[in-house]
Amino acid sequence: MTTPAERRKWTPSRRALPYLLLAPALAFELLVHLVPMLGGLWMSVLELTQFHVRNWIRAPFAGLDNYRFAIDFNGAVGAELLHSFLITCAFAVLTVAISWALGMFAATLLQRSFPGRAVLRALFLVPYALPVYTAVLIWKFMLDRSDGMVNTVLADLGLGGGTFWLLGDNAFLSLVITAVWRLWPFAFLALMAGMQSIPSDVHESATVDGAGPWQQFRSITVPMLRPVNQVLVLVLFLWTFNDFNVAYLLFDKSVPGAANLLSIHIYSSSFLTWNFGLGSAMSALLLLFLLVVTAGYLAFTSRRMKDV
Amino acid sequence: MDKRSLAAVSLIATLITAMLTGCAPPAENSHRITYWASNQGKSSEQDLRILGAELAKFTERTGIEVDVEVIGWSDLLNRILGAATSGVAPDVVNLGNTWAASLQATGAFVPFDDPLMDRFGGRDRFLDSSMSSTGMPGRAPSSLPLYGLSYGLFYDKARFAEAGIDPPRDWQEFLVAAKRLTDPARDRWGLTIAGASYTENAHFAFMFGRQQGTHLIDERGNATFTSPEAVAAVQQYVDLMGAEGVVSPDDAEEGNASGAASNFTNGRAAMLIAQNSVIPTLQENGMPDEAYGVVPLPVPDPLPPGGRAVRSHVAGSNVAVFADSPRREQALALVEFLTSAEEQAILNDQYGTLPVVEDAYGHPAFHTPKNQVFREVLATGSETVPMIPNEAHFETTVGAAMRDLFAEIATGRQVGAAEVREALSDAEQKMRGSGG
């Protein structure tokens with residue numbers, strides 16, 4: 001049995017305590033994220049095809065060949081990667097912008113009290129609460145050319161119908177619509193929480209000073225939501241840029257060229273053509289791009305925060 | 001260390017131990033093996049019912065219990081690759097026979113060399129055609145055939161009788177019949193296809209390619225997708241929706257054979273080119289057996305110079321044993337059971353597939369007129385897709401190029417030889433660019 005004096009001997013110092021408390025989380029973070037990431041980077045410099053996948057650690061060293069293939073935009077592999085990258089950029093920017101705008105609109109609308117507000121708030125969250133599989137399949141059925149609801153409604157309104165939504169260039173539009181439908185409730189939720197943290201007397205004072213709703217929105221709501229927006233836009237962008245589920249579920253393994261997102265392209269390169277080294281190199285390039293974008297974004301937004 | 005610290009450390013140690021043991025493979029039991037079965041029937045439930053009854057027999061005879069998991073075709077290859085990479089694998093697995101060479105290259109499976117083949121009755125006990133799709137030429141097979149399949153042309157008897165036409169015997173007759181049975185205004189079409197399925201597309205590229213006199217792959221395994229024969233073969237298929245107009249543009253969205261089968265059973269299309277595995281789906285969709293007939297896939301008459309009358313690729317499912325299995329003997333006992341004449345007759349009869357061993361053909365189910373057609377095609381009218389390690393890559397690149405061509409046709413673009421050649425050139429570059 002330890003005496004009180006001995007017990008004191010084991011008490012960590014004040015400076016060491018935070019590190020000790022963080023240590024388990026750090027260890028698990030390393031195990032869960034860093035080790036697979038390093039594994040992926042190692043794979044990207046290996047000639048990892050079906051011949052070596054079983055004992056991948058011993059696959060022949062390929063150096064930077066996989067990276068050269070991936071960024072040789074004159075070759076078929078690089079050209080397709082560039083095409084996917086540009087599609088993904090357009091998809092991410094459009095999806096985040098529309099989701100944010102819809103979220104902001106709905107959050108502003110629901111700031112005022114009116115009958116049925118609670119019901120509306122719950123309804124807005126339904127797309128986010130639905131499992132992604134269910135949500136995307138609903139859209140897949142609705143966008144079907146011959147029996148889908150979208151074409152049926154368009155035909156009933158005399159606006160056409162018979163359009164292929166899941167083929168050709170329209171596939172991109174379908175992808176954006178489905179992704180926005182899934183994502184905007186999260187923006188709505190985050191912005192609504194942010195708006196509720198704005199003290200009501202600020203708006204009241206502005207009203208007394210004669211500021212209209214639009215002026216209040218521009219001069220009070222948006223600036224005071226800046227910390228929320230800073231995180232929200234970054235998170236939405238990262239989720240959207242890496243999104244795999246929506247395209248995969250919407251088009252199965254037959255993703256049209258117009259909707260061939262980077263994550264889908266990497267999946268095809270790895271698992272359908274059995275070139276895991278090339279797929280890993282593409283993943284590493286994607287990681288590098290997202291790190292650069294994130295760092296640039298954080299540097300830019302924190303400078304603006306300081307300027308305010 | 002005080003009691004609280006000791007308790008905390010013990011708790012963490014227990015948790016970590018529990019997590020690590022949770023990751024470890026289950027304790028080995030030499031009388032229990034795992035089997036990943038491909039989805040052969042109408043549903044996984046039906047497969048489990050059919051296989052469960054037969055595997056119970058196996059357990060009764062050998063004392064070996066089998067944990068069976070039925071895996072859909074869309075997930076099977078990924079699961080096998082994952083198992084090969086991680087080493088956490090089942091003992092026995094089914095695979096699509098066109099993947100045989102690609103999977104053999106991983107070295108994950110037990111090779112069936114001559115001494116081992118003797119245990120299964122020797123190579124000669126199996127159909128030559130099915131045996132040709134078990135791995136690379138000149139090497140011991142890494143899988144054995146299990147269920148035999150081939151393509152055939154299904155036709156709706158009532159629609160043919162109504163139009164007063166007979167089942168087509170050659171490609172020219174087929175086109176005439178398909179045009180007569182097509183009425184876009186009534187949404188009635190001569191033929192239905194799964195235009196968005198890259199695997200189905202690749203099968204047709206291969207079959208029509210052989211009719212035109214090319215393999216789409218040269219003797220060194222390099223892609224030759226842009227040869228005039230290959231372009232003609234792919235154009236022959238996509239023209240069914242384009243220039244010939246006998247396939248609905250909606251079929252450009254059909255991602256699998258069962259979607260096309262639905263178009264056939266609901267009367268939208270009068271013909272369907274499919275493997276015999278589609279028969280349970282036709283039954284499930286309520287189409288009586290006597291409502292449709294089957295003839296071999298018609299080929300051009302005369303064939304183009306160098307062309308062969310190939311009406312199907314050698315299709316089917318194989319069975320393999322993972323080389324790392326600590327229960328190899330028990331796993332091989334299961335393969336022996338599944339390939340026995342008795343089980344071949346029972347399983348293939350229930351799945352609507354064909355036995356892969358000669359000694360199972362005594363069963364009357366395999367002598368019906370429809371099964372005779374599939375059997376004849378498999379035995380004499382089929383060829384093996386190139387057994388090269390990058391076969392999976394061939395299917396992906398060519399099949400996806402054809403899917404995109406169908407999408408272009410469906411959305412109103414003209415697709416001629418130049419467009420087909422351009423799409424195939426792109427596919428060829430992709431295949432060569434990443435190791436093909």
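In the predicted model, 32 residues of chain A are in contact with 40 residues of chain B. The two chains bury an area of about 3,300 Å² between them, and carbon and sulfur atoms account for 57% of that area. Four salt bridges are counted between chain B and chain A. A salt bridge joins the side chains of E80(A) and K430(B), with an N to O distance of 3.5 Å. Polar contacts across the interface of chain B and chain A amount to nine residue pairs, with both residues at pLDDT 80 or more. On the side of chain B that touches chain A, the elements contributing two or more residues are α3 (73–86), α4 (100–104), α16 (391–410) and α17 (417–433) of chain B. Sorted by class, this side of chain B holds 17 nonpolar residues, 14 polar residues and nine charged residues.

A nonpolar patch lies on the surface of chain A, made up of L26(A), L30(A), L34(A), M37(A), L38(A), L41(A), L287(A) and L291(A). Together these residues have about 700 Å² of accessible area. Two or more residues of the patch come from each of α2 (16–43) and α15 (276–307) of chain A. Helix α2(A) supplies the largest share, with six residues. L30(A), one of the patch residues, is located in helix α2 of chain A.

Over all chains, the salt-bridge count is 27. Side chains of opposite charge can pair when their charged atoms come close. Within chain A, R68(A) and D65(A) form a salt bridge in which the closest N and O atoms are 2.5 Å apart. Both residues of this pair belong to helix α3 (residues 65–71) of chain A. R68(A) and D65(A) are separated by three residues in number, about one turn of the helix.

Two features of the backbone are also recorded. Most peptide bonds are trans, and most residues other than glycine have a negative phi. In chain B, the peptide bond from D301(B) to P302(B) is cis, with omega near 0°. P302(B) is placed in the loop between β8 (292–295) and β9 (312–313) of chain B. In chain A, W274(A), a residue other than glycine, has a positive phi, near 60°. The loop that holds W274(A) runs between α14 (262–272) and α15 of chain A; helix α15 (276–307) is also one of the elements contributing to the nonpolar patch.

Definitions and conventions. Residues numbered from 1 in each chain as written. Chains lettered and ligands numbered in written order. Predicted model: local features only at pLDDT ≥ 70, side-chain atom pairs only at ≥ 80, totals over all residues. Heavy atoms only, no water. Contact = heavy atoms within 4.5 Å. Buried area = accessible area lost by both parts, 1.4 Å probe. Polar contact = N/O pair within 3.5 Å; in protein donor to acceptor, adjacent residues only side chain to side chain. Helix = DSSP H or I, 4+ residues; strand = E, 2+ residues; numbered from the N terminus. Nonpolar A, V, L, I, M, F, W, Y, C, P; charged D, E, K, R; others polar. Patch = residues over 30% accessible without salt bridge, like charges linked within 9 Å, V, L, I, M, F, W, Y side chains within 5 Å. Areas by Shrake-Rupley, 256 points an atom, 1.4 Å probe, with all protein chains shown as cover.
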